[in-house]
Amino acid sequence: MVGIARIRCDTDGLGPLDTPAIEDAFLISHHLSHFHSEIKVDGKPVARPRDIAGLTTIHDFRHDIACHMHTAFDTLTFHLPRVVLETIFPDGGPEQFEDLDIEPSGCVADPTIAAMAAAVLPALAMPERISLLFLDHVSCALATHVVAAHGRLSAVRAGGALAPWQERRAKEMIAARLDGEIRLADLAAECRLSVGHFARAFRQTTDTSPHQWLLQRRVEHAKTLMRDGTRTLADVALACGFADQSHFSRTFRRLTGVTPRAWRHRHTAAGTRAGAVPRPADSLPV
């Protein structure tokens, strides 16, 4: 499982950080601000650039890492166990992950990691709106990129499509949990695939990611609930797995081009004229 955290200190002179435990894992640290620090790996100092903001440090936790912080800092971190990277490609395939071809705790300029960090930051500010599928999607994308860009392997394996029974089962599982409380690992295991292979095969089969397919199902379910005109938009939002009405309205408009209020007015007007019960006032303007 990938761990995602924003680590921030607003004061200078924090001093030495606790030495991380030795484990077969990597820490991807994307630096959101400039700061001054000293790092030693297995007792040897690691050169640090003059301006570190916007760069990424990849730490290898199989080494002894000592870090001394001299100034305030702001960093987004992704904890990637080696086993996660090993599951990017199916077992027995021609490309298998061996290791990361990096200087331990060295800095790299990686625009893709920077873009993923920018996408994750707003979600971390509103954790109640994050679904497990979204986190898994980001984690899988990050791990795939790290292996492809920094891994020791010949090429990236092209994945095939899901078999009909795999597609049907995956969609059934997602539709049964519109709250998003399901993990990519659960879907992949049900389809007897690695997480990385499943994510690529799902996209090739459906032309979208599992997370986006979940959002589409939420919107379709919302349309069904709004047609009878008896629920407020806030009730519909919660029934379809959204954190609140605002989250529901933004997602609905992004996927359909109209607000939920406008869509319901358009699709229930005929029913109201024919004698349907008018809908109640909505709790929030949209």
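What share of the contacts in the protein chain with a separation of 6 or more comes from residues 24 or more positions apart? The share is 79%, where a contact means heavy atoms within 4.5 Å. Welcome to a short tour of this predicted model, in which local features need pLDDT of at least 70, side-chain atom pairs count only at pLDDT 80 or more, and totals for chains, interfaces and linings use all residues. Residues are numbered from 1 along each chain as its sequence is written, and side-chain values use heavy atoms, with hydrogens and water left out.

**The chain as a whole**

- The protein chain has 10 helices and nine strands; these are DSSP runs, with helices (H or I) of at least four residues and strands (E) of at least two, numbered from the N terminus.
- Of its 286 residues, 43% count as buried, a label for under 20% relative accessible area, with exposed set at over 50% and partly exposed in between (1.4 Å probe, protein chains only).

**The five-stranded sheet**

- Five strands make an open sheet in the order E1-E8-E3-E6-E9, with antiparallel pairing; two strands pair if DSSP finds at least two bridges between them.
- At the edges are strand E1 (3-9) and strand E9 (106-108), each of which pairs on one side only.
- On average, neighbouring strands of this sheet are turned by 25 degrees against each other, direction ignored.
- Strand E6 (residues 56-60) runs antiparallel to E9 and is joined to it by three bridges; here Ile 58 stands opposite Gly 106 in E9.
- Thr 77 sits in strand E8 and counts as buried because its relative accessibility is 7%.
- Not counting residues up to four places away in sequence, Thr 77 touches Gly 3, Ile 4, Ala 5, Ile 7, Leu 27, Ile 28 and Ser 29.

**Helices across that sheet**

- Helix H2 (residues 111-125) lies across E1, strand E3 (25-31), E6 and strand E8 (73-81), at about 105 degrees to E8; axes are lines fitted to C-alpha atoms, for helices over the stretch in contact, and angles run from 0 to 180 degrees between N-to-C directions.
- Helix H3 (residues 132-150) lies across E1, E3, E6, E8 and E9, and runs at about 85 degrees to E8.
- From its first C-alpha to its last, the 19-residue H3 reaches 26 Å, close to the expected 27 Å at 1.5 Å a residue; the expected span is 1.5 Å times one less than the number of residues.
- Among the buried residues of H3 are Leu 133, Phe 134, Asp 136, Cys 140, His 145 and His 150.

**The four-stranded sheet**

- Another open sheet holds four strands in the order E2-E7-E4-E5, with antiparallel pairing.
- Strand E2 (15-16) and strand E5 (44-46) each have a single partner strand, so one side of each is left without a neighbour in the sheet.
- Five bridges link strand E4 (residues 37-41) with strand E7 (residues 65-69), and the two run antiparallel; Val 41 stands opposite Ile 65 in E7.

**A residue in H10**

- Thr 268 belongs to helix H10 (residues 260-273) and is buried, with a relative accessible area of 11%.
- Leaving aside neighbours within four places in sequence, Thr 268 is in contact with Met 226 and Arg 227.
- The C-alpha atoms of Thr 268 and Asp 228 are 7.5 Å apart, although the two residues are 40 residues apart along the chain.
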